[in-house]
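Here is a short report for a first look at this structure. Please read it with the sequence and the model side by side.

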Amino acid sequence: MRSVPEWLRARRGKTSADGDAALWSKCSACGEMLYRRDLAANLWVCPRCDHHFRMRAHDRIAMLADGDFVEIGGEVMPADPLGWTDKKSYAAKLATDREKSGLTEAVVCGTTAIGGMPVALGVMDFHFRGGTMGSVVGERIARLFEEARERRLPCIVVTASGGARMEEGMLALMQLAKTTAAVARFLDDGNFYCSVLTDPTTGGVSASFAFQADVIVAERKAMIGFAGRRVIEQTIRQRLPDQFQTAEFLLEKGHIDMVVHRRDLKSVLVRLLEYTRGVHPAAGATP
Amino acid sequence: MNVIVEREKGLLELERRIAELRAANASQPVDMSGEIAALEAKYAEIQREIFGSLTPWEKVHMARHPKRPTALDYIARFDRFDELHGDRHFRDDPAIVGGFAVLAGRPVMVIGQQRGRDTKENLARNFGMVTPEGYRKARRLVLLAERLRLPVVTFVDIKGADPGIGSEERAQAEAIAQCLLAFTRVRVPTVATVIGEGGSGGALALGIADRILMLEHSVYSVASPEGAAAILWSDASKADEAAARLKLTAQDLHAFGIVDEIIAEPLGGAHRDPERTISAVLTTVDAALTALRALETDELVDARYRKYRRMGAWENERREALEARR
């Protein structure tokens with residue numbers, strides 16, 4: 001993997017690759033013990049079984065972006081509008097996740113270039129509150145689409161989310177409406193939007209901007225759907241087949257355009273972006 | 001078990017006794033009017049006591065009351081209704097009803113989430129849980145309304161979108177996402193009324209509008225209280241606690257600026273006097289449509305954008321959000 005750029009190192013602080021005390025990770029698919037540095041170099045894909053680990057937003061940005069990344073909406077920070085407490089207070093949960101993830105919220109948005117082409121890029125991170133969408137995720141995504149619209153940039157959003165964030169109640173649900181409004185304006189102005197669905201993408205995020213893209217790409221074996229697997233199993237009182245709600249299943253059903261291996265993601269996006277520039281993509285080139 | 005239904009049992013018994021006494025009073029020489037008046041006073045007192053201030057969890061039960069008026073009960077009181085069916089792809093979803101209608105002399109497109117009013121109808125309507133075809137039908141009707149320049153009136157009443165295998169196979173998430181897009185973009189006035197329970201994205205799919213109205217004892221939540229309790233405490237029986245935390249009442253949502261107007265219900269809930277409730281709702285919807293008609297189309301769509309663009313509470317607006325809660 002390309003070395004982590006300086007700007008990124010400064011911005012993200014602790015990283016999954018070098019900041020973690022654990023040197024080893026166990027592949028949750030095949031059980032193999034993996035040296036974390038090797039895993040990072042392999043884009044967080046198990047070298048033995050190809051299992052795609054859930055990737056951290058900053059690692060994802062480093063993997064996709066050519067160079068610098070100018071953040072949008074980074075100053076928007078979570079509040080606690082409901083004064084929420086369950087087993088723990090929302091404030092405490094946020095503090096824990098900030099500490100653990102080195103992120104301020106579940107999405108990082110900004111402008112950058114991919115394959116030499118300027119783009120607006122949003123990347124969600126499941127390690128922060130399960131990638132749930134509250135007011136901050138909604139606001140940052142809306143600003144991303146507004147900026148992209150203004151500058152006529154194509155927009156790419158990498159999703160990973162358990163849905164709307166319960167701790168913000170209806171204000172979280174309203175983010176589906178807010179992001180939809182921003183996406184609609186962006187699309188109606190003739191801009192290109194590509195979503196990249198990663199494991200897992202469910203609930204309010206799949207029911208809003210994830211499935212409003214012109215082209216929908218998914219990482220292999222990602223779990224994608226509206227209702228969570230457990231909810232469906234409880235409702236129908238039977239076990240679902242393993243393949244149900246996987247990226248491959250969705251491709252077969254016609255819900256998404258393509259399933260990609262993580263190592264090919266950047267080149268696939270470059271190829272797609274080339275069509276938005278009106279330039280002739282190199283004939284016959286393979287990703 | 002519905003806690004409101006349970007509470008009503010005693011009241012209904014009292015009602016029956018008062019009616020019996022009245023009948024007896026009319027046919028017998030003994031004057032029982034004193035007794036009747038005492039019973040009536042007691043009845044009124046109990047009613048105030050048990051319905052005067054409902055907890056959020058009690059409101060959830062009120063919203064789910066089997067006798068609470070449903071979308072079709074409201075639509076039946078329009079001047080005219082011509083139902084349209086189907087998503088043009090797969091099937092007609094009876095959990096969404098919609099079509100051309102006339103309200104107070106004004107032609108509109110009406111779309112509602114429809115739960116059953118008894119067991120048989122509930123089975124036919126999938127307990128009001130909408131499948132992708134329902135959302136695609138709604139989207140189709142919104143696009144049609146736009147072309148014919150008809151305002152859109154919706155009724156929100158759904159626990160949640162259908163979580164079945166078939167719905168996932170037929171892209172429930174995409175159906176809702178595209179329905180949201182249609183309601184966001186549409187260039188005609190839209191008025192949504194939450195008449196019962198609004199649950200999650202499945203409700204919001206008919207809930208994006210220029211004016212959002214809500215019945216006093218309706219609820220509207222990011223997740224069902226049972227679902228939230230199961231996730232938060234792994235214990236669905238803590239649903240009452242979850243209901244209180246989720247801030248799902250009309251009063252909470254009005255304070256957050258999500259709901260524009262609360263429509264009062266008769267003491268004891270909408271089902272105690274459906275006629276009055278339905279009239280109040282239709283009058284308010286009509287007034288909202290009249291107000292919206294004053295706006296130019298561009299103004300209307302811009303105002304809708306700005307309204308949704310503002311929603312949420314984040315750090316640099318924390319104080320504002322806290323104040324809104326008080």
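## Two domains in chain B

Chain B splits into domain 1 (3–52) and domain 2 (61–325). These bounds come from an automatic or database domain assignment. The C-alpha centres of domain 1 of chain B and domain 2 of chain B are 36 Å apart. Five residues of domain 1 of chain B are in contact with six residues of domain 2 of chain B. Two residues count as in contact if their C-beta atoms, placed from the backbone, lie within 7 Å.

On the domain 1 side, helix H1 (3–27) and helix H2 (33–51) of chain B each give two or more residues. H1(B) has the largest share, three residues. That side of domain 1 of chain B has four nonpolar residues, one polar and no charged. Nonpolar means Ala, Val, Leu, Ile, Met, Phe, Trp, Tyr, Cys and Pro; charged means Asp, Glu, Lys and Arg; the others, Gly among them, are polar. Helices (H or I, at least four residues) and strands (E, at least two) are DSSP runs, numbered from the N terminus.

## How to read the model

This is a predicted model, in which local features need pLDDT of at least 70, side-chain atom pairs count only at pLDDT 80 or more, and totals for chains, interfaces and linings use all residues. Residues are numbered from 1 along each chain as its sequence is written, while chains are lettered from A and ligands numbered from 1 in the order in which they are written.

## Where the chains meet

The contact between the chains takes 47 residues from chain B and 45 residues from chain A. Several elements of chain B supply at least two residues each, including helix H7 (165–169), helix H8 (172–185), strand S7 (219–221) and helix H14 (297–310). H8(B) gives the most, with nine residues. The side of chain B that touches chain A holds 29 nonpolar, seven polar and 11 charged residues.

Chain A has 10 helices and nine strands. Of its 287 residues, 51% count as buried. A residue is buried if 20 or more other C-beta atoms lie within 10 Å of its own, exposed if 12 or fewer, and partly exposed in between, with C-beta atoms placed from the backbone. Among contacts in chain A with a separation of 6 or more, 68% join residues 24 or more positions apart.

Helix H5 (residues 135–150) and helix H6 (residues 169–188) of chain A pack at an angle of about 5°, with their axes 9 Å apart. H5(A) is therefore roughly parallel to H6(A), a term for angles under 35 degrees. Axes are lines fitted to C-alpha atoms, for helices over the stretch in contact, and angles run from 0 to 180 degrees between N-to-C directions. The residues that meet include A:Ile141 and A:Phe145 in H5(A), and A:Ala182 and A:Phe186 in H6(A). This contact divides into 10 nonpolar, four polar and four charged residues.

## Nonpolar cores

The largest nonpolar core has 161 residues. Such a core is a set of buried Ala, Val, Leu, Ile, Met, Phe, Trp, Tyr and Cys residues joined through C-beta atoms within 7 Å. A:Cys155, A:Met170, B:Ile176, B:Leu180 and B:Met214 have the most contacts inside the largest core. H6(A) gives the most to this core, with 12 residues.

A:Met170 touches residues of chain B, among them B:Tyr220, B:Leu248 and B:Phe256. Another core, of seven residues, lies apart from the largest one and includes A:Trp44 and A:Phe53.

## Local details

B:Gly207 sits in the loop between H9 and strand S6 (211–215) of chain B. B:Gly207 is buried because 27 other C-beta atoms lie within 10 Å. Its contacts include B:Val156 and B:Ile212.

The peptide bond from A:Asp199 to A:Pro200 is cis, with omega near -15°. A:Pro200 lies in strand S7 (residues 193–201) of chain A.

B:Ala104 is a residue other than glycine with a positive phi, near 50°. Its place is the loop between strand S2 (96–103) and strand S3 (106–113) of chain B. B:Ala104 is partly exposed, with 14 other C-beta atoms within 10 Å. Phi of B:Ser234 is also positive, near 50°. B:Ser234 lies in the loop between H10 and helix H11 (239–245) of chain B. B:Ser234 counts as exposed, with 9 C-beta neighbours inside 10 Å.

Conventions:
Parallel < 35°, antiparallel > 145°, perpendicular 65-115°, else oblique. Lists of a residue's contacts leave out its neighbours within four places in sequence.
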